[in-house]
Amino acid sequence: MSTTATLGTGTDQRLYDVADWYDAEALLTTDERTVLARLRNFLDAEAKPLLAEYWERGEFPEQLSQPLIDLDLMEPADLTVNGPVRGIYQGFRIFELARTDASLATWYTAQAGLFRTAIRVGASAEQQREWMPKVIDFSLKGVFSLTEPEHGSDIAGGLSTTARIETNSAAGPDGGSWVLDGAKRWIGGASTADVLCVFARDIADGQVKAFLVDRTAAGVTLEKIHGKTSLRMMQNAHITLDGVRVPEAMRLHNVDSFKDVAAMLRAMRSDVAWIATGIQAGAFEAALAYVKERQQFGRSLGSFQLVQEKLARMLGNITASLSLVVRLTEQQSGGVVRDQDSALAKMQTSLMMRETVALAREVVGGNGITLAADVARFHADAEAVYSYEGTHEINALIIGRALTGISAFTN
């Protein structure tokens with residue numbers, strides 16, 4: 001039995017016939033499933049044969065970038081006849097990418113999730129009219145540049161990159177410019193972006209502002225971060241900003257404090273929860289296929305009780321994770337967007353992801369540490385996803401604050 005099925009034209013065949021045990025896919029329309037099937041076919045035929053080689057080399061397979069863009073996944077023409085695409089489709093799009101590879105999912109959501117959210121939440125109506133179509137068709141590629149070398153979990157109060165109005169320049173809505181100084185780190189996709197969405201503290205009022213910085217602007221330096229053992233294909237950069245001038249027109253006019261940044265993070269954490277769920281599905285499917293083929297003691301590995309128990313635990317984790325992200329997506333689509341909800345989904349799916357990928361590696365045995373068996377990528381990449389967009393501890397404190405009414409964050 002195949003662990004997955006590809007939707008064929010004019011059929012009712014499911015995309016996820018094992019990993020999606022409770023059939024959350026049934027919430028998708030036929031048109032949405034058809035678009036996802038196109039993505040599945042591309043990933044299986046074009047991406048999967050490259051992943052092990054490029055993961056080991058620590059390079060992103062750039063030959064996949066334009067074909068992925070050409071699939072028209074963000075706002076597919078055949079899904080937008082009656083308005084914007086639905087949140088459930090967007091979630092399963094992330095799930096499909098992540099069940100193939102975490103770096104591919106991170107690369108795509110850097111544009112479709114992080115950068116698009118920055119523009120949707122932070123840009124003025126006029127700026128959105130100009131920029132959003134370019135974001136959707138990738139003619140304006142951007143990355144979300146928040147984390148700093150010395151500030152990650154404490155970025156709300158610790159952000160140290162500065163912005164100041166240029167001397168003798170009245171930075172108003174019709175003109176003027178700003179000067180940025182500081183550094184950003186772990187910024188995925190920065191080397192191929194057109195602009196960097198940089199968050200900096202205005203030295204005049206102490207509040208956080210956001211700017212679209214030309215990647216090639218004078219004073220911008222990008223360095224690839226080497227030596228990673230997780231998300232090796234994703235190209236993360238250390239960015240230095242030294243007296244970088246940015247016109248007022250490139251400031252996101254609706255970002256006036258970190259509260260506006262927090263509004264972006266609420267949506268982004270739900271995307272990462274979908275990634276964590278997709279990673280589990282990919283690891284589980286690879287492990288299931290392996291134990292059904294591998295023979296030990298004259299029997300299929302899949303026939304052993306202890307192996308079957310681990311498979312059942314993995315499936316339980318995936319099913320619970322899908323239930324979390326689907327319900328969260330439904331709530332957010334209905335206008336209920338709360339910090340504690342996205343924090344709970346990110347925290348719990350990441351926790352279950354850690355166990356699922358470990359169990360997948362375990363049932364594959366010694367071959368589980370090789371790229372050939374496929375689970376090793378998921379096992380290693382899960383560690384990065386466990387930490388980014390809010391660590392387990394930070395998300396737990398966000399939930400704890402909502403439960404008790406008391407903030408346990410260090411002042």
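Mentor: Start with Ala281, which lies in helix H7. The model is predicted, so local features need pLDDT of at least 70 and side-chain atom pairs pLDDT 80 or more, while totals for chains, interfaces and linings use all residues. Residues are numbered from 1 along each chain as its sequence is written, and side-chain values use heavy atoms, with hydrogens and water left out.

Trainee: What makes a stretch a helix or a strand?

Mentor: Both are DSSP runs, numbered from the N terminus: a helix (H or I) has at least four residues, a strand (E) at least two. H7 covers residues 258–293.

Trainee: Why is Ala281 called buried?

Mentor: Its relative accessible area is 0%. Buried means under 20%, exposed means over 50%, and partly exposed is in between (1.4 Å probe, protein chains only). Therefore Ala281 is buried.

Trainee: Why are H7 and H9 called roughly parallel?

Mentor: H9 spans residues 339–363; the two axes come within 8 Å and cross at roughly 20 degrees. That angle makes H7 roughly parallel to H9. Angles under 35 degrees count as roughly parallel, over 145 as roughly antiparallel, 65 to 115 as roughly perpendicular and the rest as oblique. The axes are lines fitted to C-alpha atoms, for helices over the stretch in contact, and the angles run from 0 to 180 degrees between N-to-C directions.

Trainee: Which residue classes make up the contact of H7 with H9?

Mentor: There are 16 nonpolar, seven polar and four charged residues. Ala, Val, Leu, Ile, Met, Phe, Trp, Tyr, Cys and Pro count as nonpolar, Asp, Glu, Lys and Arg as charged, and the others, Gly among them, as polar.

Trainee: Why is the pair H7 and H8 given another label, roughly antiparallel?

Mentor: H8 is residues 305–333, and it packs on H7 at about 155 degrees, with the axes 9 Å apart. That angle makes H7 roughly antiparallel to H8. This contact has 16 nonpolar, seven polar and one charged residues.

Trainee: Which hand does the crossing of H7 and H8 have?

Mentor: It is left-handed. The crossing of H7 and H9 is left-handed as well. A crossing gets that name if the near helix is turned anticlockwise from the far one by less than a right angle, and right-handed if clockwise.

Trainee: How do you know where helix H4 has its kink?

Mentor: H4 runs over residues 102–122, and its kink of about 50 degrees is centred on Thr109. The bend at a residue is the angle between axes fitted to the seven residues ending there and the seven starting there.

Trainee: What makes H4 mostly covered?

Mentor: Of its 21 residues, 19 are buried. At its start, a side-chain oxygen of Asp101 reaches to within 2.9 Å of the backbone nitrogen of Ser103.

Trainee: What makes the phi of Trp186 stand out?

Mentor: It is near 70 degrees, a positive value, and the residue is not glycine. Most residues other than glycine have a negative phi. Trp186 is in strand E3, residues 177–188, and counts as partly exposed at 46%. Phe297 also has a positive phi, about 55 degrees.

Trainee: Is Phe297 buried or exposed?

Mentor: Exposed, at 76% relative accessibility. Phe297 lies in the loop between strands E8 (295–296) and E9 (299–300).

How values were computed. Polar contact = N/O pair within 3.5 Å; in protein donor to acceptor, adjacent residues only side chain to side chain.
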